[in-house]
Amino acid sequence: MGYRAATSLCVLAIGAALAGEPASACTTFCSATQDGVLFGRNYDFEIGNGDLMLNTRGLEKHGLAAKGPTWTTAYGSVTFNQFGRDFPMGGMNEKGLVVELMWLSGTEYPAADARSELGVLEWIQYQLDTAATVSEVLQSDARVRIAGSVPLHYLISDRSGAVATVEFLDHRLVSHSGSTLPVAALTNSTYDKSVRYWHGQGESSRPPGAESEARFARTATQVNELKGLAGQVAVDRAFAILDDVAQPATRWSIVYDQTARIVHFRTARNPAIRTLKLAAQELSCRGPVRLVDIDLGPAGDVSARLQAYTDAANESLVRGSYASCSLTRGASESDIRSVVSHPARDTCRLR
């Protein structure tokens, strides 16, 4: 298999694991606070290993597919990666844009056309590399299209507090934002279906259970509480909301402070809350991409633990995920090598 087939196998593992256990799927939300904008995210999956990566600006990149785009990264970013560099599960760029994925049964991606093609994880990195605002992400649909068999949808937000859902229904992008987004939350049903359920339960309700609509309703009911809070109190309350919708398969809980551009995170293996101040990092491609194992370290700033990216580190991450995930254990050596070697195509264009 080539680049695209190998990566599709990784992504298929993600989707099949979630499909086989419908209750174990992700939750996201976003809210303004008294002093900023916070975005919360629970990542639920079969495996929890991964690296936090600092991606640099000024890199020329190439899409995985033969019809993939070529672009130069305008912004550095912090991402959470399981299946290798340039294929994140989500993250935030230096402008404060956040993009996070969730499973959505019934997704139908656009048919092949003249637009450049991106895989469902590549699409996240592309947006973080090239967009500063929600509007710019939505406008990119005229240039690039998602291709793949794994049904996902996304919640995106920028530093101004603009939020949008991105779903692919009936082979086209469907988005809710502004007046069509009564609450900034998303789980694993379409946004329209989730809002109907929430309204039907009553907007102050907190229905129990792990089902998608119940998690959405509990999140939607609580998220407005963040508007009256500030600072660490608001961050703590965001983590409390994530606790309320957490499940046995919750591997990571992340709170992005989009205004201050700080990421707070904890993992199932290491519940200590660690932080990274993105604004304090050197993000030029004249320096290396850097990373740290998401399970390492005590509470507090992880900056001192960041190590320069190496091909060996990427290979260790990819091989560890392939070996741990039930649907990728049988992958061929050529498949693994294709995924491991893909970032070598990135080239720094800064003088």
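Colleague: Which residues line the second largest cavity?

Modeller: Pro110, Trp123, Val137, Ser140, Asp141, Val144, Arg145, Ile146, Phe168 and Leu173 do. Mind that this is a predicted model, where local features need pLDDT of at least 70 and side-chain atom pairs pLDDT 80 or more, while totals for chains, interfaces and linings use all residues. Residues are numbered from 1 along each chain as its sequence is written, and side-chain values use heavy atoms, without hydrogens or water.

Colleague: What makes those ten names a cavity lining?

Modeller: A cavity is a set of points on a 1 Å grid over the protein atoms alone where a 1.4 Å probe fits but cannot get out, and a lining residue has an atom within 4 Å of a point. Pro110 and the others listed pass that test, so they line the cavity.

Colleague: What is that lining like by class?

Modeller: Seven nonpolar, one polar and two charged residues. Asp141 and Arg145 are in the lining, and Asp and Arg count as charged. Strand 10 (residues 144-146; strands are DSSP E runs of at least two residues) gives the most, three residues.

Colleague: How many cavities of 30 Å³ or more are there, and how big is the largest?

Modeller: The whole structure has two.

Colleague: Which element gives the most to the largest cavity's lining?

Modeller: Helix 2, with three residues. Helix 2 (122-130) and strand 4 (59-62) are the elements giving two or more; a helix is a DSSP H or I run of at least four residues. That lining divides into three nonpolar, three polar and four charged residues, including Trp71, Lys61 and Asp346.

Note on methods
On a 1 Å grid over the protein atoms alone, a cavity is a set of points where a 1.4 Å probe fits but cannot get out, and a pocket is an open set with protein on both sides within 12 Å along at least five of seven lines; lining residues have an atom within 4 Å of a point. Grid points are joined across faces, edges and corners, and a volume is the space filled by probe spheres set on the points.
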